[in-house]
Amino acid sequence: MTTTSTEVVVIGGGQAALAAGYYLRRAKLDFVILDDQPAPGGSWQDYWPSLHLFSPAQYSHLPGWPMPPWPDGFPPASHVVDYLTAYETKYDLPVRRPVRVDSVHRSADGGYRVDTDAGSIGAAAIINATGTWPRPFWPSYPGMRDFTGVQLHAADYRTPERFEGVRVAVVGGGNSAAQILAEISTVTETLWFTTREPRFLPDDVDGRVLFDVASDRARVLASGGDDSGGVAGLGDIVMVPPVKEARDRGVLHSRRMFTAVVPDGVTDGEQTDRLDAIVWCTGFRPALRHLRPLHLPSTDTSPISLHHNHVQDQPTMVFLGYGDWTGAASATLIGVGRTARAVISELVTALS
């Protein structure tokens with residue numbers, strides 16, 4: 001690939017990109033999907049092996065084709081990777097990999113030039129579906145550079161065995177923190193630090209309920225009703241089996257957040273906790289560095305100011321799959337399809 005052109009370039013190769021590809025194929029648009037990974041599966045192939053979905057397979061699918069059932073409980077990440085791999089083949093999606101997108105520029109004809117490590121592509125429209133996994137967020141605390149133990153982000157966590165016999169702090173109040181804490185606490189002593197008291201969902205709430213709640217919120221907001229807060233109004237942590245088991249063992253007790261890191265632990269100014277390792281479960285940010293040459297508008301609450309998932313007055317610069325910023329439940333397997341359908345419908349109109 002040196003210099004080519006197409007109607008639409010989809011940047012990213014995960015679930016949002018594939019959902020976009022499904023509707024682009026149905027719309028009979030010429031497109032290509034650029035994935036910087038060497039194999040299919042998006043970020044699912046990089047998650048820790050024990051991670052499972054929050055829902056049964058039948059509630060965790062992309063448009064057009066159900067995920068094959070998983071016989072025992074909720075499917076693991078490896079099952080999702082297999083499904084996404086087969087999905088690409090089933091719908092003959094034009095994915096090119098590994099292709100790294102370095103930058104996107106406006107072209108003289110009003111379209112875009114996508115510069116990659118394999119050449120440049122001209123496009124009339126761009127769909128950004130890069131997700132957040134490539135940009136783990138590390139907070140800044142005094143003394144972090146002086147800590148003599150191990151520090152890693154949840155993005156780099158794999159198995160608990162490396163922590164046997166050491167004292168570990170897990171930092172963060174979301175699902176990743178709760179699940180990683182639950183796993184590490186089976187092999188060693190753990191401390192859990194959060195900025196506020198963790199909020200646990202009821203035991204009978206799983207991904208099916210969360211999707212329904214997010215859908216109801218979207219409908220209410222679209223009709224001008226009051227914002228219920230959606231999923232965030234229910235809580236933050238889904239009580240999957242390992243987290244329930246950790247609760248039963250009595251390890252799901254958080255401490256108030258420390259104010260500084262010291263060489264052998266953390267401190268809040270009054271008490272110092274000795275630690276050998278810190279796992280930062282502090283979230284991610286949208287991976288949008290390739291768009292810097294475009295100088296797109298941002299706001300205090302979002303990295304890019306959007307209108308109906310596209311940049312204001314730029315209907316051919318589209319974003320998909322980044323969570324509530326780009327549509328209720330759009331960062332989930334079952335939720336991204338609804339947003340993708342609406343996005344592609346509007347894009348067809350913009351390109352006609």
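My entries below go through the rings, then the charges over rings, then the cavity.

**Rings.** I kept in mind that this is a predicted model. I looked up the aromatic pairs, and the count comes to 18. I picked F258 and W280 to look at: they pair edge-to-face, 6.0 Å centre to centre, with 80 degrees between the planes. Where do F258 and W280 sit in the chain? I found F258 in the loop between β10 (254-256) and β11 (260-262), while W280 is in strand β14 (residues 277-280). They are 22 residues apart, so I noted the pair as one that links distant parts of the chain.

Buried or exposed, I asked myself about F258? F258 is buried, because its relative accessible area of 3% falls under the 20% cut-off. W280 is buried too, with a relative accessible area of 0%.

I also jotted down one aromatic cluster, formed by Y22, Y23, W65, Y83, Y87 and Y91.

**Charges over rings.** Y91 turned up again here: the charged end of K90 sits over its ring, 5.8 Å from the centre. I then checked R285, which lies over the face of F137 at 3.9 Å from the ring centre.

**Cavity.** I found one cavity of 30 Å³ or more, and the largest cavity holds about 30 Å³ of space. Which residues line the largest cavity? I wrote down H308, N309, H310, P315, V318, V343, E346 and L347. β17 (314-319) and α6 (333-351) each supply at least two of the lining residues, and α6 gives the most, with three. Sorting the lining by class, I got four nonpolar, three polar and one charged.

Methods. Residues are numbered from 1 along each chain as its sequence is written. This is a predicted model: local features need pLDDT of at least 70, side-chain atom pairs count only at pLDDT 80 or more; totals for chains, interfaces and linings use all residues. Side-chain values use heavy atoms; hydrogens and water are left out. Rings of Phe, Tyr and Trp (its six-membered ring) pair if their centres lie within 6.5 Å; planes under 30 degrees apart count as stacked, over 60 as edge-to-face and the rest as tilted. Helices (H or I, at least four residues) and strands (E, at least two) are DSSP runs, numbered from the N terminus. Buried means under 20% relative accessible area, exposed over 50%, partly exposed in between (1.4 Å probe, protein chains only). A charge sits over a ring if NZ of Lys or CZ of Arg is within 6 Å of the ring centre and within 35 degrees of the ring normal. On a 1 Å grid over the protein atoms alone, a cavity is a set of points where a 1.4 Å probe fits but cannot get out, and a pocket is an open set with protein on both sides within 12 Å along at least five of seven lines; lining residues have an atom within 4 Å of a point. Grid points are joined across faces, edges and corners, and a volume is the space filled by probe spheres set on the points. Ala, Val, Leu, Ile, Met, Phe, Trp, Tyr, Cys and Pro count as nonpolar, Asp, Glu, Lys and Arg as charged, and the others, Gly among them, as polar.
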